[in-house]
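Subject: Structure for your review

Dear colleague,

Please find below the structure that I am handing over to you. I would be grateful if you could read the notes that come after it with the model open beside you.

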Amino acid sequence: MKKLIVILFFLLFSLTEVSAQINHKHYILMGKLELSKENYTEAIHNFNIATIAKPNDFEAYFLRGIAKFSLGDYNGAVEDFTRTLEIHPLYVRAYHYRGVANDRLSNYADAMADFQKAISLDPFSEELHIASGSTLMHLNDYKNAVAEFDTALIINPENANAYISRGIAKRYLDDLDGALSDMNSAVYNDFFNIEAVVRKGMIELEREEYQAAMDDFNNALSMDKDNPLIYFNRAVAYLNLGDTVAALRDYEKVNNLDQRNALTYFNRAIIYSIREEYDVALALYNKVIEINPQNIYGYFNRGILYFKMQDWDAAEDDFTKVIELFPDFIDAWINRSVVKFEKNDIQGAEQDQWHAKQIMAFVSEDQANVDSLFAHYSKMDYNKIINFESDFVDGNRQKTLIQFSDIDIRPRGSLIVNITEGDNYYIDATLSQISQTNNFKGKMAFVVNDLFDENHVSYINDVLIENVDSQNLKDFLNGIYNFEIFNYQRGEKIFMSLLDDPVLGVYAGINLSVLQNAKAELLANDKNYDNSIYITQKRATESFTQAPEKPDYEQSLATITNVLNKNKRNPYVWYNLGNIHLQMQEFEKAIDDYTKAIQYEKNLAEAYYNRALTLLYLNNKTQAIKDLSKAGELGIQEAYVVMKRFN
């Protein structure tokens, strides 16, 4: 993803003149091409440029909204569709897609308002009536949903999606006969509609017509052999037909296609537990908890498994975790009391039984108590502790969508000034002038520090340094070179000598602070390594526990603070300060620093990304998702992975 942000204190061209040089139609066309190939992040990049070329052209915002929606960035999509409607208030498709995005965000009132507006502009659109009906189903208003689907079918009696949607609504109205009839109509009108065939099979499962369901799932797999949802449902059919081996084979196929499908791991664990293959079941429950660390059922079932394995301590720990997550889970209190009896903790067991009885008395005394109990839990992220991650998306398609990538979630590194030939950098007027004056092959710019990355490429060499006329610039380049080869003492000395230079001082200070930060972490790691060797040589009677050495960031903090005092409006200094405060676990200060960085450079993607991760740590998901949306728009693809995982 290309990203170039230029801050100039003098401009040779006005913004209008620069924008006029951008071929708006070219970037719209390229964006559409990337959309068609499902390269959504690259599409966003092209539409970003198109919006710069013509800020008041609605098409680029609308198409960028489609790309964001496809990446699961529903907040960002709503913003772009809203901007589209500000420019073109009668654009029906923008109301339609904004309504769908609002529906995904559970903003059902806003979604219905969007659909009603769109229908008033285009009352004969069957797709709008289907979308409106789908939101009514999310509001549990199934009768009115059926009425909307009826309208869609009056407009187009052959619309398979309308039959599918109406069939689902009838299923929730307990009209299984009507639901199956609609699914049959959907298949009749679109024989190759895989969703219609699978939904038909699912209705047949509920009607206990297992062989008919099996036939439908086999038919669906003949059309799409890599669809995990089909294998999952066929496994259910196999289980009901008594073929456990075949069911496990299908469940394993689901996890081969989607290695983060916790629901399938959970079902497999239950089967292996019933078969008393406890080691396999335990490994599967561990995988469930790895994917869904806040889910109560993973811990609860693993606790039962540990009990069967007579691992009392592990069982108690799991039931305790359930109680921490959901203090009113009666069965967890009861099970923990049984475990404590096994451990001869009679007093603890009796206390747990008392707690269980108190909860049972509360919920059985009055129905209002039950309502108040669940009202309490509705205020928290209740779905997180009961729902398993289970995206039934074609495994091959998952590989092409960035939001399904498996990455380590970690903050972006601090910025240093270095020579780069890449696309991801920030540059100001002074650095631009230095690059041009010295005719560097690359550019001197702010880049994310990647010196510890095995793929790091250095563009500084003896020839480049010798061709520089300024002795101070030669020294600065030598400082960077010594930093790159981890010669910290020499690099630190050079950067310190340049701190008072009127041109290079700020850049030397930034690099010096990052170098001191890296040195502090290296020293801490060395001490921890030495301690670990020493600990293994202790006598058995001595303590084996020792707190790991924490890096001392004070020197790095003092350096960047001094730079900041002279450069209050420099966004990169604020960003690096935020990273130090984040490392020191001073989260509120870090958020303030990133906010300042964004205030002075609204396109500083790394600041949005790191602020988002900090907000997630502090459980402020709403603002974090907004920051991730902006970071993704500005080119950090990992933002969509994080959004997918936490949204």
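The notes below go through the salt bridges, a pair of helices, some loop residues and a surface patch.

Please bear in mind that this is a predicted model.

Salt bridges

Side chains of opposite charge can pair when their charged atoms come close. In this model, the count comes to 31 salt bridges.

Asp 250 and Arg 234 form another salt bridge, with a distance of 2.7 Å between the closest N and O atoms. Since Asp 250 sits in helix α15 (residues 244–257) and Arg 234 in helix α14 (residues 228–240), the pair ties together parts that are 16 residues apart in sequence. Asp 250 is buried, at 2% relative accessible area, and Arg 234 counts as buried at 14%.

The salt bridge between Lys 225 and Asp 226 has its closest N and O atoms 3.5 Å apart. Here Lys 225 is exposed, with a relative accessible area of 54%, whereas Asp 226 counts as buried at 14%.

Two packed helices

How are helices α31 and α33 arranged? Helix α31 (residues 571–583) packs against helix α33 (residues 605–617) at an angle of about 20°, and their axes are 10 Å apart. Because of this angle, α31 is roughly parallel to α33; angles under 35 degrees count as such. The crossing of these two helices is left-handed.

Residues in loops

Most residues other than glycine have a negative phi. Which residue in the loop between α18 and α19 is worth a look? The residue is Gln 310, in the loop between α18 (296–308) and α19 (312–325), and its phi is positive, near 60°. Gln 310 is exposed, with a relative accessible area of 57%.

Phe 486 also has a positive phi, near 65°. Its place is the loop between α27 (471–484) and α28 (488–497), and at 40% relative accessibility Phe 486 counts as partly exposed.

Pro 157 is located in the loop between α9 (142–155) and α10 (160–172). With a relative accessible area of 48%, Pro 157 is partly exposed. Pro 157 and Ser 185 are 28 residues apart in sequence, while their C-alpha atoms are 9.9 Å apart in space.

A nonpolar patch

On the surface, Ile 334, Val 338 and Met 360 form a nonpolar patch, and together they have about 200 Å² of accessible area. Ile 334 is part of helix α20 (residues 330–342). With 33% relative accessibility, Ile 334 counts as partly exposed.

Yours sincerely,
A colleague

Methods
Residues are numbered from 1 along each chain as its sequence is written. This is a predicted model: local features need pLDDT of at least 70, side-chain atom pairs count only at pLDDT 80 or more; totals for chains, interfaces and linings use all residues. Side-chain values use heavy atoms; hydrogens and water are left out. Patches are made of residues with over 30% relative accessible area and no salt bridge: like charges are joined within 9 Å, nonpolar side chains (Val, Leu, Ile, Met, Phe, Trp, Tyr) within 5 Å. Accessible areas come from the Shrake-Rupley method with a 1.4 Å probe; for residues, only the protein chains shown count as cover. A salt bridge is a side-chain nitrogen of Lys or Arg within 4 Å of a carboxyl oxygen of Asp or Glu. Helices (H or I, at least four residues) and strands (E, at least two) are DSSP runs, numbered from the N terminus. Buried means under 20% relative accessible area, exposed over 50%, partly exposed in between (1.4 Å probe, protein chains only). Axes are lines fitted to C-alpha atoms, for helices over the stretch in contact, and angles run from 0 to 180 degrees between N-to-C directions. Angles under 35 degrees count as roughly parallel, over 145 as roughly antiparallel, 65 to 115 as roughly perpendicular and the rest as oblique. A crossing is left-handed if the near helix is turned anticlockwise from the far one by less than a right angle, and right-handed if clockwise.
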